Structures are given as structure tokens and as C-alpha cells.
Amino acid sequence: MNNFIKRSISIQNKEWNLVTQMKLMNNNKQFKKALRLFDEQTSDDKNMKKISSLVFTQVLKSCAGLPDFQRGITIHRIVSNRLDKDSYLLTSLIHFYMQCNQVTKAEELFRMSKEKTLPMFGSLMKGYLTNHQASKVIELYDQIEHPDETIYVLALNACAQLKTEQALALTKRIFHNIQDKLQSSSYLSTSLLDALAKCGDIAEAERLFQSLEKKILPMYGALMKGYIENQMEQKAVELFKEIDNPSDSVLNLFFNACAQLKTDEVLTVIKKYLKENSKLLSSDFRVLTSLLDALVKCRDLNYAENLFNRLSKKTSSMYKVMINAYLKENDSFKILNLFSDMKLNHIEIDHIIWTSIVSGVAHIGDSELSQSIAAQIPESCLIDGQIHNTLIHMWGKSGCVEQAEEIFKKLSQPSTIGYAAMINAYGLNGKGSQAIELYEQIPDRFINEVTYICILNACSHSGLVDKAVSIFEKIEMKTERIYTVMIDCLSRSFFHMEAQQLINEYESSNLPSAPMYLALLSGVRNAKNHHLSQEIFNRMRKIFPQLSDPITSAAILLANVYGSVGDFEKVSDIRDELNRSGMKKKIGLTWTVIDGNIYKFRAHDQSHHRSREIYNEIENISNELVQHGHQYNASWITRPINQDETVASVLCGHSERLAIAWNFVLKPNTSRIQLTENLRICGDCHNAIKLIAKIRQCEIVARDTNRIHHFFKNGQCSCSDFF
């Protein structure tokens with residue numbers, strides 16, 4: 001008899017130790033370790049049914065945490081005959097099934113219970129929250145006669161998820177029931193704050209917050225989150241200033257609020273906080289990512305860049321923030337540098353980052369570089385539709401229409417963006433007829449403002465004015481941007497009166513639009529009509545006195561018109577006025593990719609370490625051009641010529657000529673050159689490059705701000721001189 005008692009005590013102690021150890025592991029989320037311990041200590045037990053329910057409760061918690069669905073089902077079978085007598089075990093099973101997203105099974109177990117305990121209700125309610133079924137939590141709450149603190153918290157969490165008037169009504173009902181508990185239970189008061197704020201009753205949330213004697217960080221966080229969700233970010237920032245030692249989650253909320261405000265004032269607050277808290281650089285990576293995002297959105301990319309470079313450990317999300325920032329700045333070169341860093345440091349590149357990288361490469365517009373990037377995208381990322389659309393865009397801007405078509409044809413059902421990207425690719429490359437053919441096949445539900453803009457642009461770049469007018473007249477909702485593109489189309493084909501009539505039509509029911517006047521002025525510049533150009537410019541100055549950027553662009557176009565007719569005195573007057581006002585002309589740049597290396601040139605650039613070779617090649621090309629009948633056109637020079645300059649030397653110093661010469665220096669017998677420019681190509685360069693392509697038997701692809709020019713070996717251009 002004594003031996004039996006000793007053995008029973010030994011078994012009980014063994015199981016109790018197992019329960020204690022497993023509980024500790026589960027609390028620390030060491031679920032696999034807990035199950036291994038269970039397996040080790042029960043391997044000798046021939047009959048699993050003799051193991052106590054306390055042990056199985058911990059096993060089910062481990063299974064729920066992983067989740068390990070198969071093992072959980074096995075445990076369910078073993079303990080099935082105990083469930084009507086053991087509410088704790090039944091509660092654990094309900095929790096397990098909910099965590100495994102088996103809501104129906106959990107509900108069946110709940111219904112089979114004759115005596116439903118509060119922990120059972122709580123387990124089911126928590127499961128509904130996990131499975132995004134907050135409305136069922138409310139239904140269940142109404143069945144409970146005497147809820148405890150846990151039930152109240154779960155019901156409030158459901159209200160915070162729902163954010164409806166019904167949820168707010170329940171929140172206030174609960175508020176009434178728990179007023180005597182709020183000062184003693186920070187958990188309850190924080191949940192109430194969160195529900196009130198997220199349901200939109202900020203005033204009540206603020207009153208509650210002020211009434212609480214002991215305020216803890218989660219309370220500040222709940223109110224800050226409510227402010228942010230209700231577009232009251234400034235209040236979130238002001239509340240943050242009251243906190244002495246913010247947690248990571250509160251810091252995250254603060255930086256998110258700053259990112260949404262995007263003001264110089266919050267940027268100052270961020271920098272002050274960083275100066276006073278230098279240890280922040282060792283914070284949680286999520287906080288650092290939010291900080292980078294806030295700095296970028298507050299328009300201090302340099303500060304964000306310096307911070308990013310100082311971080312010893314960088315995550316994929318941090319790279320994502322910086323890559324998107326550079327994308328907005330059109331700084332594709334820095335995007336490619338970060339891409340190289342990510343590969344070097346084996347940092348995961350997801351489909352979102354790949355999409356941004358492809359967009360960056362599209363800006364550079366080089367087919368060789370585009371091919372290199374496209375070849376590196378893993379198949380797992382190509383299932384995303386957005387990246388296909390971006391690839392179409394990239395190939396279109398790289399002058400590779402066939403590759404764009406290849407991707408487009410693989411789309412089972414192109415989206416609105418996909419159709420627009422393909423039409424734009426055709427338009428950029430002078431394939432207006434193909435663009436129209438595709439446009440006419442698009443179902444109406446996939447046509448929007450962007451589609452109209454792309455097709456009208458395509459018609460504009462191919463001189464298909466009649467077709468553009470036909471499409472424009474059928475558009476029911478004509479936006480400012482649609483009008484602007486149509487005006488550009490008319491102006492480019494010298495229908496200046498019709499373009500002006502369209503502006504008048506728009507202004508009869510809308511405020512004047514600066515881009516429309518710039519489109520008209522750009523077309524008039526091509527016609528070298530300085531009288532009409534001056535008239536348009538004067539009208540712009542009168543209508544838009546406060547808009548410096550459009551006026552600067554218009555002044556430069558006007559100066560170009562006067563320069564093209566040889567009135568350099570007028571050009572000088574305009575430039576002097578621009579200088580006095582502090583307005584600056586955009587610097588012309590051209591970049592080219594040779595053997596994977598990107599080279600950038602500016603007009604009359606002599607910064608290159610092999611400038612002498614480049615200018616020698618420029619001279620060789622110039623001599624060849626003259627021998628083949630090229631006459632330099634001084635009308636494209638928009639400034640006075642200095643004493644040490646000639647018409648030829650000024651025009652040959654344009655950035656695109658330098659880039660072409662550098663290609664021939666590195667590869668004298670190259671058969672293909674590709675360039676991207678940040679300004680429109682001038683008429684003299686256009687004629688010269690046609691001849692260079694023919695003399696050197698080298699195809700030259702040049703993308704300017706308006707379109708892509710394919711200069712063929714026969715001396716023709718894809719734009720048919722319509723640019």
C-alpha cells in the first residue's frame with residue numbers, strides 16, 4: 001500500500017513539473033521546445049489517455065501557438081471523452097481551433113458545452129477577433145449576463161475593430177458599466193480609450209484620458225492612434241511631447257503622424273528629438289523605418305540618407321523607404337546603388353521593391369540595363385500584376401516595343417494600368433497607329449483619364465491630329481489634363497488658333513491652367529512665331545503672377561523663340577530678368593550606358609578625365625557631318641556666341657553629342673548607341689544624329705522629355721521629323 005502511494009505521488013510530481021515547465025515555455029512563445037519536452041517525458045507512457053488534462057491543456061496551447069493542426073486534432077481525439085466534465089480542456093480546444101482558423105469547429109465545441117464558462121466565451125471572442133469577425137464578438141457579448149474584465153476588454157477591442165455607430169453605442173454602454181473599475185485597471189481603461197478614439201468619439205476619449213490619475217504609455221498610444229486615424233495628426237504630435245520615455249510603439253506612432261503632416265514644423269520636432277536621444281539609432285528596426293519614412297515625407301532626403309548610411313543593420317523595409325524616396329526624385333542611379341547593396345548583403349527583395357527598381361531603370365531608359373534587371377527578377381515575384389505593368393512601362397521607355405508587347409500579350413486580362421502602359425509605349429516610340437488599334441480594343445470599363453491621356457499623346461507624337469480630335473470629342477468627362485494633352489497635340493501640328501479656342505472653352509467654366517499655356521507656347525516655339533509667343537507669355541504673367549515654375553519655363557521657351565529668329569538682345573533681356581528674379585534654367589543632361597556603366601554629360605562638359613579624347617572625336621564627327629552636307633543651324637542657339645566660339649562649337653558641345661562621342665571613343669565600331677536626355681532634343685542635333693547614324697552605320701536611340709527617337713542606319717528617324 002505504501003509503495004502504491006509513493007508511486008502515485010511520484011507520477012503527480014512528474015506531471016506537475018512537466019506542466020510548470022511547458023507553461024513557462026509557452027509564455028515565452030517557445031512552442032516547439034514545449035512539445036519536444038512533452039514528447040521526451042511521455043515517450044514511456046503506453047497509454048496517453050492516462051496523462052492529466054493539465055498537461056494536455058499546455059500541449060494544446062503549444063499547438064495553437066505554432067500552429068500544429070495535425071497534432072492538435074490527435075489530442076482532441078484522445079481527450080474527447082473528458083470534454084463534458086473539463087471546461088478548461090474544452091476552452092483550450094476552442095482556442096486551438098480558432099488559432100488554426102477553424103472557426104466552425106470551435107463554434108461546434110462551444111455549442112456542445114452544457115455549462116458555458118466565462119473563459120469559454122473569452123476564448124471564442126478572442127478567436128473571432130483573430131479571424132477578423134468582430135461583429136460576432138458583439139453578438140456573443142450580448143449573451144453574457146455578468147462579464148468580467150477580460151470579456152469587457154475583448155468586447156471593446158471588437159468595437160475598436162468595427163469603428164461603427166453600433167460599436168460606439170456599445171462602447172459607451174460598457175463605459176457606463178465599468179466606471180468604478182477604470183482607475184484601478186489600466187488594461188481596461190486603455191481598451192476603452194482605444195475603442196472610443198477609433199469609433200470617432202475623440203472628445204469623449206480626451207475627457208477619459210484627462211480623468212485618469214495614472215497614465216501609462218499604452219494609454220498615450222491609444223489616444224495618439226485615435227488622433228492619427230481621425231486625421232488629427234498634429235494633436236498626436238503635441239501629445240507625444242508630454243511623454244518622457246516613449247516606448248517603441250509610441251515612437252512609431254509619432255513618426256507616422258509626422259509622415260502624414262509633412263511639414264517643416266514637425267521636421268524640426270523630429271530633429272530635436274533625435275539630437276536629445278542619440279541612442280535611438282539602436283532602436284527597433286520598425287521604429288527606424290518609420291523615422292526614415294517621416295524624414296523623407298518631410299522632404300529632408302539628405303538627413304534621411306545620412307541616417308540610413310549610419311545604421312549598422314539595415315532591413316528590407318528600410319531599403320524600401322529609401323528606394324521609393326529616390327524614385328520620387330528620379331534619382332535612378334542611387335536606386336541602383338541600393339539594389340547592389342541589397343544583393344551584396346543578401347537582403348530579401350520583395351515584389352514591391354522589384355517594382356520600384358524597374359521603375360527606376362525605366363527612368364534611365366537603356367535597353368541593356370533593362371535586360372539585365374529583368375533577367376534577375378525571380379519567378380515568385382512575377383506573379384504580381386503590378387510588376388508586369390511596370391515592366392511594360394520600362395521596355396517602352398527603353399525603346400524596346402517588342403519586349404513590351406511580349407509581356408503585354410502574356411497578361412490573361414490586362415488591367416487599366418496595363419492597357420495604358422502599352423499604349424504609352426507605342427506612343428513614345430512613334431507607333432501611333434498601333435496605339436489606336438489597341439485603344440479601340442479596350443473594354444469601356446478599363447478606360448479612364450490616364451488611358452485618354454496616353455492615346456492622345458500617342459496621336460500627338462505621330463501627327464494623327466484628326467484621330468485625336470475624334471477621340472477627344474467622344475470623351476464625356478474632360479479633365480484639365482485631357483484638355484492639356486489635346487492642346488499640345490494641336491499646337492505641335494501648328495493648329496495654334498484651334499488650341500487657343502480649346503483653352504477658351506476650358507476657361508469658360510474653369511480656372512485658367514498654366515500647363516495648357518505652356519503646351520501652346522511649346523508648339524508656337526516650334527513655329528518660331530515670336531509675336532504669338534510674346535502674347536502668350538504676357539497673358540501667362542498676368543494670369544499666374546504667383547507661379548514661379550511655369551513662368552520660368554515660359555520665359556525660357558520665349559527666349560528660345562527669340563534666339564531662333566536671331567534677336568539675341570531680347571534673349572539677353574529675358575535672361576537678365578530671370579537672373580534678377582532668382583529663377584534658373586534647367587541644366588541639360590544626357591546619360592548613356594556602356595558595358596553596364598552609366599555615364600552622365602552636361603553641355604560643354606569638360607569634367608571627364610578623358611575629355612580630350614571626347615572632344616577630338618567630336619571634331620572627327622563634325623568634319624564627317626560637313627563632308628556629307630550638314631549645315632549647322634544657328635537658329636537653335638539661344639544665346640549670344642562668345643568670341644572664342646563658333647556656331648559649330650556651340651552646337652557640338654550639346655550633351656547628347658558628347659555622349660555619342662564617348663560611345664565611339666570606347667567602342668569605335670559600335671552598332672548601337674542609346675541616350676536619355678532630360679530636355680527636348682534641338683533641331684540641329686536631331687538632323688546631325690540622323691546623319692551620324694548613317695555615316696557610322698550605327699543605330700542611335702535617344703529619349704528626350706517628349707518621345708523616343710530611333711535614328712536608323714539609313715539616316716531616317718522614327719519620328720519622321722515630327723517632334
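This is a predicted model: local features need pLDDT of at least 70, side-chain atom pairs count only at pLDDT 80 or more; totals for chains, interfaces and linings use all residues.
Student: What volume does the second largest pocket have?

Tutor: Its volume is about 760 Å³. Of the 25 residues lining this pocket, those closest to its centre are Thr 57, Lys 61, Ser 92, His 95 and Lys 126.

Student: Which elements give two or more residues to that lining?

Tutor: Five helices are listed here: H1 (2-27), H3 (53-65), H5 (87-99), H7 (118-130) and H9 (149-162).

Student: New topic. Which residues does the "repeat: PPR" annotation cover?

Tutor: In the UniProt record, an unreviewed entry, that annotation covers residues 185-219 and 448-482.

Student: How far apart are the end C-alpha atoms of residues 185-219?

Tutor: They lie 12 Å apart, and that span is 74% helix and 0% strand. For residues 448-482, the end C-alpha atoms are 11 Å apart, with 74% helix and 0% strand in the span.

Student: Let's jump to strand E4. How many of its residues are buried?

Tutor: Four of the five residues in E4 (residues 699-703) are buried, so the strand is mostly covered; buried here means under 20% relative accessible area.

Student: And E3 and E4, are they parallel or antiparallel?

Tutor: Strand E3 (residues 672-677) runs parallel to E4, and five bridges join them. Along that pairing, Arg 672 stands opposite Glu 699 in E4.

Student: What does the chain go through from E3 to E4?

Tutor: It passes through helix H38 (residues 683-695), making a right-handed β-α-β crossover.

Student: How many bridges pair E4 with E5?

Tutor: Four bridges, in the antiparallel sense, pair E4 with strand E5 (residues 708-711). One example is Arg 703, whose bridge partner in E5 is Ile 708. E4 and E5 form a hairpin, with four residues between them.

Student: Last one: how many Å apart are Ile 689 and Met 120 in space?

Tutor: They are 80 Å apart, C-alpha to C-alpha, and 569 residues apart in sequence.

Notes
Residues are numbered from 1 along each chain as its sequence is written. Side-chain values use heavy atoms; hydrogens and water are left out. On a 1 Å grid over the protein atoms alone, a cavity is a set of points where a 1.4 Å probe fits but cannot get out, and a pocket is an open set with protein on both sides within 12 Å along at least five of seven lines; lining residues have an atom within 4 Å of a point. Grid points are joined across faces, edges and corners, and a volume is the space filled by probe spheres set on the points. UniProt positions are given in the numbering used here, feature names are shortened, and annotations may be inferred rather than shown by experiment. Buried means under 20% relative accessible area, exposed over 50%, partly exposed in between (1.4 Å probe, protein chains only). Two strands pair if DSSP finds at least two bridges between them. A crossover is right-handed if, with the strands pointing away from the viewer, the path from the first strand over the helix to the second runs clockwise.
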